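Here are my notes on this model. Keep the structure open as you read, and check each point against it.

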Protein chains: 4
Amino acid sequence: MSSINKVVLAYSGGLDTSVIVRWLQDTYGCEVVTFTADIGQGEEVEPAREKARALGVKEIYIDDLREEFVRDYVYPMFRANTVYEGEYLLGTSIARPLIARRLIEIANETGADAISHGATGKGNDQVRFELGAYALKPGVQVIAPWREWDLTSRESLMAYCETHSIPVDFSSAKKKSPYSMDANLLHISYEGGILEDPWAEAEEDMWRWSVSPEAAPDQAEEITLTYVNGDITAINGEPMTPAQVLERLNSLGGAHGIGRADLVENRYVGMKSRGCYETPGGTIMLKAHRAIESLTLDREAAHMKDELMPRYANLIYNGYWWSPERKMLQAAIDDTQTYVNGEVRIKLYKGNVIVAGRRSEDSLFDESVATFEDDAGAYDQKDAEGFIKLNALRLRIAAGKGRDNR
Amino acid sequence: MSSINKVVLAYSGGLDTSVIVRWLQDTYGCEVVTFTADIGQGEEVEPAREKARALGVKEIYIDDLREEFVRDYVYPMFRANTVYEGEYLLGTSIARPLIARRLIEIANETGADAISHGATGKGNDQVRFELGAYALKPGVQVIAPWREWDLTSRESLMAYCETHSIPVDFSSAKKKSPYSMDANLLHISYEGGILEDPWAEAEEDMWRWSVSPEAAPDQAEEITLTYVNGDITAINGEPMTPAQVLERLNSLGGAHGIGRADLVENRYVGMKSRGCYETPGGTIMLKAHRAIESLTLDREAAHMKDELMPRYANLIYNGYWWSPERKMLQAAIDDTQTYVNGEVRIKLYKGNVIVAGRRSEDSLFDESVATFEDDAGAYDQKDAEGFIKLNALRLRIAAGKGRDNR
Amino acid sequence: MSSINKVVLAYSGGLDTSVIVRWLQDTYGCEVVTFTADIGQGEEVEPAREKARALGVKEIYIDDLREEFVRDYVYPMFRANTVYEGEYLLGTSIARPLIARRLIEIANETGADAISHGATGKGNDQVRFELGAYALKPGVQVIAPWREWDLTSRESLMAYCETHSIPVDFSSAKKKSPYSMDANLLHISYEGGILEDPWAEAEEDMWRWSVSPEAAPDQAEEITLTYVNGDITAINGEPMTPAQVLERLNSLGGAHGIGRADLVENRYVGMKSRGCYETPGGTIMLKAHRAIESLTLDREAAHMKDELMPRYANLIYNGYWWSPERKMLQAAIDDTQTYVNGEVRIKLYKGNVIVAGRRSEDSLFDESVATFEDDAGAYDQKDAEGFIKLNALRLRIAAGKGRDNR
Amino acid sequence: MSSINKVVLAYSGGLDTSVIVRWLQDTYGCEVVTFTADIGQGEEVEPAREKARALGVKEIYIDDLREEFVRDYVYPMFRANTVYEGEYLLGTSIARPLIARRLIEIANETGADAISHGATGKGNDQVRFELGAYALKPGVQVIAPWREWDLTSRESLMAYCETHSIPVDFSSAKKKSPYSMDANLLHISYEGGILEDPWAEAEEDMWRWSVSPEAAPDQAEEITLTYVNGDITAINGEPMTPAQVLERLNSLGGAHGIGRADLVENRYVGMKSRGCYETPGGTIMLKAHRAIESLTLDREAAHMKDELMPRYANLIYNGYWWSPERKMLQAAIDDTQTYVNGEVRIKLYKGNVIVAGRRSEDSLFDESVATFEDDAGAYDQKDAEGFIKLNALRLRIAAGKGRDNR
């Protein structure tokens with residue numbers, strides 16, 4: 001066991017990470033620095049201060065990172081219309097590089113030589129935290145208690161608490177959801193419990209952020225989103241910060257039963273896993289961004305983006321936000337967003353996100369060319385013949401030489 | 001003008017292609033063979049026989065191609081989860097290669113030296129018809145009246161009819177939709193009219209195949225789809241042919257307000273155009289196919305498919321079905337579908353297609369590995385450390401040499 | 001025929017473009033502005049002035065664009081290790097966007113409403129000139145005489161000269177090479193003549209810039225190239241401008257029999273064509289750039305570049321330099337070159353470009369990790385087990401479920 | 001330590017793997033089965049039998065796998081024009097899946113529950129062996145002595161031999177090359193020693209299979225290769241098996257100084273490493289295959305292959321031959337080779353592989369279209385105008401709306 005003097009822990013204030021504080025102190029004989037961030041998970045972060053103090057922690061960091069999270073991570077990701085495996089909006093994945101970055105910044109500030117987190121050894125989050133940490137501070141040590149200790153059940157954790165006099169809020173511990181959950185401004189996720197059977201439907205009372213489409217209002221609601229350089233800057237004409245935008249869209253989407261996903265995904269560590277996600281705001285953002293791009297983005301740039309997107313999604317899912325290849329792709333993506341400006345009108349209704357209209361000063365839609373009516377010579381239909389003939393030439397030559405193109 | 005003896009025309013029996021029959025006879029002094037196909041557009045094809053005969057056509061082909069269409073074109077396309085520009089399910093595009101193929105087969109049977117169609121010079125369909133025709137019969141001549149004649153308005157067409165004694169069903173001609181439409185078993189499309197303003201919402205009475213989500217039943221309906229090698233072979237346990245599957249899904253989807261899309265797309269000929277589409281069955285198929293793949297497809301094969309898909313969609317959209325590159329991609333796609341077998345449970349509700357469960361004898365989901373509970377040693381969490389460390393190595397070396405990975 | 005007032009012609013001073021001057025004046029009754037550029041083709045450009053004047057041209061542009069050509073076109077292209085179809089270094093293609101740009105700039109300066117060029121209707125160059133022109137000045141008219149006139153043979157051109165009193169240097173006209181050639185600082189190309197038989201070998205006396213490997217010196221020559229941000233800034237320690245670098249490398253490479261290529265390529269207009277190319281400097285640059293990247297570029301960035309390269313090469317070959325998709329890719333490529341600094345030692349010998357060594361302050365090669373000797377703990381071999389096991393997990397699960405991975 | 005009964009070892013007969021036999025017997029108390037393959041490494045394999053017997057091995061497998069190696073691994077790989085990172089022909093990588101497969105087949109035949117190999121914990125080969133083994137027999141145990149034992153130096157290995165009475169051929173041990181080498185019919189590789197300094201040039205006497213270009217004959221040699229479905233079936237008209245082809249090309253190439261490569265590559269385990277390779281036959285094959293494809297392959301299929309190739313190379317380099325994604329790509333690649341038939345004439349001269357001609361019954365080169373002479377109407381130059389205009393349309397619209405396409 002390498003000698004560790006001080007470790008920065010991503011600390012939620014909950015049972016698991018409280019046990020980790022004590023376990024780190026005991027196992028490594030080191031000082032623990034806690035870091036608790038508000039990234040919009042919907043729980044107070046301030047109570048973590050008192051809990052950390054009670055565990056003997058002297059250096060306690062509590063940050064509100066909501067704006068940074070949406071501005072520097074969520075927004076860039078949505079510029080690429082990012083979806084993992086056709087369904088998952090990467091709500092958990094995109095928060096991890098921010099946490100990793102802050103852990104390392106705090107390690108540098110406090111002179112810590114290690115970081116620690118409460119992610120298990122089967123999941124993607126350990127990879128995302130640790131790849132980020134190593135990329136930003138190559139000599140850092142990483143302690144992943146769930147890969148090391150033998151507290152593999154809830155019961156053993158509780159016993160550890162008792163033995164080590166860690167105060168447990170038993171009422172909340174008992175209420176504990178049967179699901180493993182993660183939340184931030186972009187989404188809330190559920191895994192485990194009955195979801196481990198992919199044939200079983202999620203129970204209605206699992207979902208926390210959205211009503212079901214059935215329970216949503218019978219009346220559609222229409223909103224207008226304003227885009228500047230690919231990012232939403234206003235809702236219904238009201239300018240907002242990135243985090244405000246996402247908060248508002250979450251509340252609108254959730255009320256209309258929007259953004260639930262139930263899927264089986266492929267983890268980076270090699271297994272398939274079932275997850276349910278609520279991403280109300282993100283679901284609206286994806287649809288609306290595609291709509292404004294459809295009007296303002298060049299065809300070939302759009303197609304190139306579509307082809308690169310799965311790679312980009314993969315990088316984020318796998319934890320390579322802080323990597324040269326992600327930055328390289330981001331440079332390409334951002335380069336395309338200069339003209340992605342304008343407005344999208346969206347109808348929200350019982351789980352549906354319906355594009356009702358889009359307009360832009362930078363529109364490339366040219367009615368005079370596209371019209372079915374007389375175009376006054378804007379487009380010469382005779383050009384199409386040459387276009388087709390030359391595009392067909394290689395196929396004709398092949399067929400002429402006897403190849404069967406069927 | 002090259003000398004033409006006989007031309008095979010894709011003939012709908014409607015006003016436009018009736019005019020084309022006469023125009024071809026007059027302009028080229030050639031014999032016209034008509035070809036009318038039932039590909040599920042929802043209109044009787046048999047009446048085309050009498051109309052063609054009245055125009056003096058001697059060789060009249062009327063085919064029911066519905067099964068062939070779904071089996072050999074729609075199904076292969078859906079194996080790839082094909083979507084063009086994130087939204088369009090390619091309903092029109094995928095029917096064109098079949099029409100092109102039949103045109104050429106009939107040209108070969110009847111000894112015709114040319115083919116003709118009623119597509120305009122601004123759209124994609126002319127490209128799709130003609131690329132297909134040239135690929136299958138390189139010496140064929142193509143006559144595209146809309147690129148040649150001066151009958152550029154409805155009025156001039158009507159006048160032509162009068163002059164040339166072409167019988168017009170004026171009642172139907174008057175009822176004519178303000179939209180340019182195309183339909184087959186996979187979808188119905190609308191272009192033109194008020195849709196030429198991308199900010200304007202489509203009027204409710206435009207849609208023909210689906211009720212609006214608002215008008216759909218308040219009660220969800222659940223169906224089970226059976227997959228064999230990536231294709232649906234049964235609904236609710238009842239074995240069906242491909243066309244039967246799609247017909248049933250269209251009727252189910254349409255009743256539940258599913259499958260409407262309103263989008264701006266990039267045409268191959270270089271302009272943006274606004275289109276509205278109803279693809280009720282296809283929308284269900286896409287979602288369900290992804291669901292069964294999520295359980296049965298290897299991760300890397302799935303990701304490769306996702307990366308290749310936009311290319312494949314592009315090929316179909318642009319009219320390159322009959323090309324070496326499409327076949328090459330199809331070989332890769334089909335190779336992945338061997339184990340895409342099983343069942344998907346789908347809930348249909350007011351525009352939503354909700355995956356409620358998926359199961360398969362060929363599932364790669366391994367509960368013993370994926371579980372949050374004790375996995376009895378099926379997965380060694382310690383392996384994750386080495387996995388992460390080696391994946392991080394290049395980033396650590398770079399950071400260690402002073403590079404800033406932010 | 002649309003009315004044209006003034007046309008800017010890409011004018012070489014040779015027979016063909018001299019005929020075009022007169023033909024434009026006669027056919028369009030318009031004023032002709034000539035533009036002649038030195039892009040390193042190895043011929044004097046100044047004589048073009050007198051010839052143009054003799055043809056009655058009043059506005060004559062003669063530019064030395066060599067530095068701009070290499071700095072803004074050749075260098076950016078080589079950052080991507082660009083090769084078309086595995087063999088062609090794009091020497092002709094990369095010069096066209098520069099010419100197109102200058103044609104349009106001059107059109108804007110002189111108030112011309114059209115541009116013209118001497119490229120034939122079968123080749124790629126017409127496409128490259130015209131796509132560039134349209135992209136930079138969408139309303140410009142383009143006159144491509146070879147697609148319009150009936151002067152399809154050398155004899156008819158000569159006859160035209162006689163009829164129109166165009167002075168012809170008959171001695172040089174007679175000496176005319178049997179090949180169609182194009183030259184600039186990056187390369188010289190040969191097409192036509194006996195090359196139209198792909199089984200026939202090019203004759204030794206065709207080649208102009210390089211000796212044959214057989215005729216090259218028996219003694220190898222070693223040079224050192226210095227890279228800064230992916231571009232060569234010095235040879236053998238001597239700082240040079242981009243054009244100076246390429247000139248020197250051409251002379252070095254040519255003397256050592258380096259850079260000949262003989263290939264069959266696929267033109268954008270749909271046919272295959274045989275071409276021979278001499279690219280002495282470019283051949284050295286490609287090899288050396290890969291060598292310095294091998295030391296300094298991150299693996300995943302390098303692989304992404306390799307995957308994007310064929311697309312990028314295609315864009316340049318097809319004439320889409322001035323397009324959003326090219327700029328998007330360039331942004332990604334350039335983003336990777338920050339650390340591509342250092343030196344490469346190259347041996348030139350009878351057609352061979354041999355990398356003898358590479359070093360860099362920004363090297364990512366870490367001897368302490370890579371060594372076969374004791375690495376003092378820099379790398380923990382035990383990490384490999386976990387790395388392999390998790391990478392194998394999906395394959396093991398599949399095999400465990402009975403799939404045959406062979 | 002899990003209990004192991006019998007282990008199949010990839011056994012060379014050399015010092016290292018001899019030590020491993022004994023170490024496995026001692027450490028695991030298990031029976032060892034040796035497997036020695038002739039894959040063209042150029043050393044007798046039969047002597048391994050006696051050595052194994054002397055070590056108490058009862059089940060000894062010695063296979064001649066040369067034909068299988070070239071036919072089922074090398075040839076399929078060359079159909080894709082596979083090169084890793086622009087330089088490396090994957091000589092080592094492509095042999096590993098064959099070894100892995102035989103190890104598992106023998107494990108199944110002999111009832112062994114484990115396999116073992118002599119690859120180190122820093123390299124790619126451990127990954128390739130083990131990914132293959134796990135993919136083909138998911139429950140197999142893998143013993144990688146170099147990751148487990150403490151015999152980290154040559155001295156400790158020798159001491160182990162002495163202690164355990166393992167007979168060592170000291171004369172050969174002393175002559176041992178300072179390089180770590182690997183050889184098979186496709187190549188021989190060198191790593192370590194002075195190569196660990198990327199600035200240092202390899203010494204001339206390191207190279208074993210080829211003379212230097214300087215030492216090669218002053219006279220070029222011309223050969224003709226016959227291709228059927230993308231594979232070479234004859235040299236100079238003489239039909240040969242795959243292994244015979246490669247042997248002959250190795251000898252021809254080696255004699256003419258062809259196929260040396262000196263490069264820095266990125267290992268899958270995360271570090272850069274310097275390697276030198278001799279691949280005489282493979283270097284000829286790559287060039288010749290591209291040449292025959294240039295004549296016979298459709299443009300778009302060729303471009304798709306070029307774009308997929310780096311992925312395919314990566315899969316082979318990283319050890320994923322036995323994976324669904326490799327098979328998927330192979331299906332696409334093989335689909336393109338139907339018409340890759342014909343002959344290539346190649347000149348070999350002092351390190352150069354020069355294509356002197358290519359011809360094919362399946363040539364797509366159409367002289368009547370491509371010619372600079374009068375084409376008698378085979379190609380209508382006027383088609384080019386429409387082709388260019390429609391390809392330019394999106395750029396013109398953008399520029400017309402005020403976008404700067406520079």
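1. Start with the annotated site. An unreviewed UniProt entry places a "binding site" at Thr120(A), Asn124(A) and Asp125(A). Bear in mind that the model is predicted.

2. Where does Thr120(A) lie? Find strand S4 (114-116) and helix H5 (125-136) of chain A; Thr120(A) is in the loop between them. Asn124(A) is found in that loop between S4 and H5 as well.

3. Is Thr120(A) buried, exposed or partly exposed? Its relative accessible area is 29%, so Thr120(A) counts as partly exposed. That class runs between the cut-offs of 20% and 50%. Asn124(A) has a relative accessible area of 6%. Buried means under 20%, so Asn124(A) is buried.

4. Now look at the neighbours of Thr120(A). Set aside residues within four places in sequence. Thr120(A) is then in contact with Gln126(A), Trp146(A) and, from chain B, Gln381(B). There is also a polar detail: a polar side-chain atom of Thr120(A) lies 3.2 Å from the backbone nitrogen of Lys122(A).

5. Which residues does Asn124(A) touch, not counting those up to four places away in sequence? They are Glu265(A), Arg267(A), Tyr268(A), Val269(A) and Tyr317(A).

6. Turn to chains C and D. The same surface serves both copies: 100% of the contact residues of chain C recur in chain D.

How values were computed. Residues numbered from 1 in each chain as written. Chains lettered and ligands numbered in written order. Predicted model: local features only at pLDDT ≥ 70, side-chain atom pairs only at ≥ 80, totals over all residues. Heavy atoms only, no water. UniProt positions renumbered as here; feature names shortened; annotations may be inferred. Helix = DSSP H or I, 4+ residues; strand = E, 2+ residues; numbered from the N terminus. Buried < 20%, exposed > 50% of the residue type's maximum accessible area, 1.4 Å probe, protein only. Contact = heavy atoms within 4.5 Å. Polar contact = N/O pair within 3.5 Å; in protein donor to acceptor, adjacent residues only side chain to side chain.
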